[in-house]
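This report walks through one protein model, from strand pairing to ring contacts. Keep the structure open while you read.

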Amino acid sequence: MATEGGGKEMNEIKTQFTTREGLYKLLPHSEYSRPNRVPFNSQGSNPVRVSFVNLNDQSGNGDRLCFNVGRELYFYIYKGVRKAADLSKPIDKRIYKGTQPTCHDFNHLTATAESVSLLVGFSAGQVQLIDPIKKETSKLFNEEGSLSSPSQASSSGGTVV
């Protein structure tokens, strides 16, 4: 144990310290195990969107969440705010190369423990229907990019699904 000039013992547990190499910090599990970070882009930041659905399964753990970080889309079991999700074990993870997800939402009316429909909108205007539980990709809408963004589908009077 270290002692200070006055002879006091320091029983304090350090949560961070600095060395020549840099700053070392004790991180909570949720921050330590989160997915790879997207590099900062000063021209414009990529917003993160989150969608929730309850599947009403027998285990009592029917909540699922989906979120996007840059070009990556993640699907997890959600256990509430008091218990962090295990971010090292996603139910489904997708990485897109040419375009990035900008919005997504679940179909709450057809969601079951075996299957859930997730509609994902992309930066180039495409809209994709996927099932993250079955890990299937069903349909791709606006593949030619005639609508410049997924939000125009509803404002132009067209229906996506």
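Valine 120 has its bridge partner in strand 9, and that partner is glutamine 128. The model shown here is predicted. The two strands involved are strand 8, residues 118–122, and strand 9, residues 127–131. They pair in the antiparallel sense over four bridges.

**Glutamine 128**

Glutamine 128 sits in strand 9. Is this residue buried or exposed? Glutamine 128 is buried, because its relative accessible area is 12% and the cut-off for buried is under 20%. Its side chain makes a polar contact of 3.4 Å with the side chain of tyrosine 96. Leaving aside residues up to four places away in sequence, glutamine 128 touches Tyr96, Leu118, Leu119, Val120, Phe122, Thr137, Lys139 and Leu140.

**Ring pairs**

How many aromatic pairs does a search of the whole structure find? The search finds seven. In one of them, phenylalanine 17 and tyrosine 24, the planes lie at 15°, so the pair is stacked. Another pair, tyrosine 96 with phenylalanine 122, is edge-to-face, with 70° between the planes. This second pair links distant parts of the chain. Tyrosine 96 lies in the loop between strand 6 and strand 7, and phenylalanine 122 lies in strand 8, 26 residues apart.

The table sets out the two pairs.

| Ring pair | Centre to centre | Angle between planes | Class |
|---|---|---|---|
| Phenylalanine 17 and tyrosine 24 | 5.3 Å | 15° | stacked |
| Tyrosine 96 and phenylalanine 122 | 4.8 Å | 70° | edge-to-face |

Now the exposure of these rings. Phenylalanine 17 counts as partly exposed at 44% relative accessibility. Tyrosine 24 counts as partly exposed too, at 41%. Tyrosine 96, by contrast, is buried at 15%. Phenylalanine 122 is also buried, with a relative accessible area of 3%. Elsewhere, ring pairs link Phe67, Tyr74 and Tyr76 into a cluster.

**Strands 5 and 6**

Strand 5 (residues 72–77) pairs with strand 6 in the antiparallel sense, over four bridges. Across this pairing, leucine 73 stands opposite arginine 94 in strand 6. Strand 6 spans residues 92–95. Its covered face holds Asp92 and Arg94. Its uncovered face holds Lys93 and Ile95.

Which residue forms a salt bridge with arginine 94? Aspartate 92 does, and the closest N and O atoms are 2.8 Å apart. Both partners are buried. The count of salt bridges comes to one.

**Two loop residues**

Glycine 62 is found in the loop between strand 3 (50–54) and strand 4 (63–69). At 6% relative accessibility, glycine 62 counts as buried. Apart from residues up to four places away in sequence, glycine 62 touches Val53, Asn54, Leu55, Asn56 and Asp57. Glycine 62 and tyrosine 78 are 16 residues apart in sequence. Their C-alpha atoms are 8.0 Å apart in space.

Lysine 135 lies in the loop between strand 9 and strand 10. Its phi is near 60°, a positive value in a residue other than glycine. Most residues other than glycine have a negative phi.

**The whole chain**

The protein has two helices and 10 strands. Along the sequence, the pattern reads β-β-α-β-β-β-β-β-β-β-β-α. Of the 161 residues, 29% are buried. Among contacts with a separation of 6 or more, 36% come from residues 24 or more positions apart.

Key. Residues numbered from 1 in each chain as written. Predicted model: local features only at pLDDT ≥ 70, side-chain atom pairs only at ≥ 80, totals over all residues. Heavy atoms only, no water. Pairing = 2+ DSSP bridges. Buried < 20%, exposed > 50% of the residue type's maximum accessible area, 1.4 Å probe, protein only. Polar contact = N/O pair within 3.5 Å; in protein donor to acceptor, adjacent residues only side chain to side chain. Contact = heavy atoms within 4.5 Å. Salt bridge = Lys/Arg side-chain N within 4 Å of Asp/Glu carboxyl O. Phe/Tyr/Trp six-rings, centres within 6.5 Å; stacked < 30°, edge-to-face > 60°.
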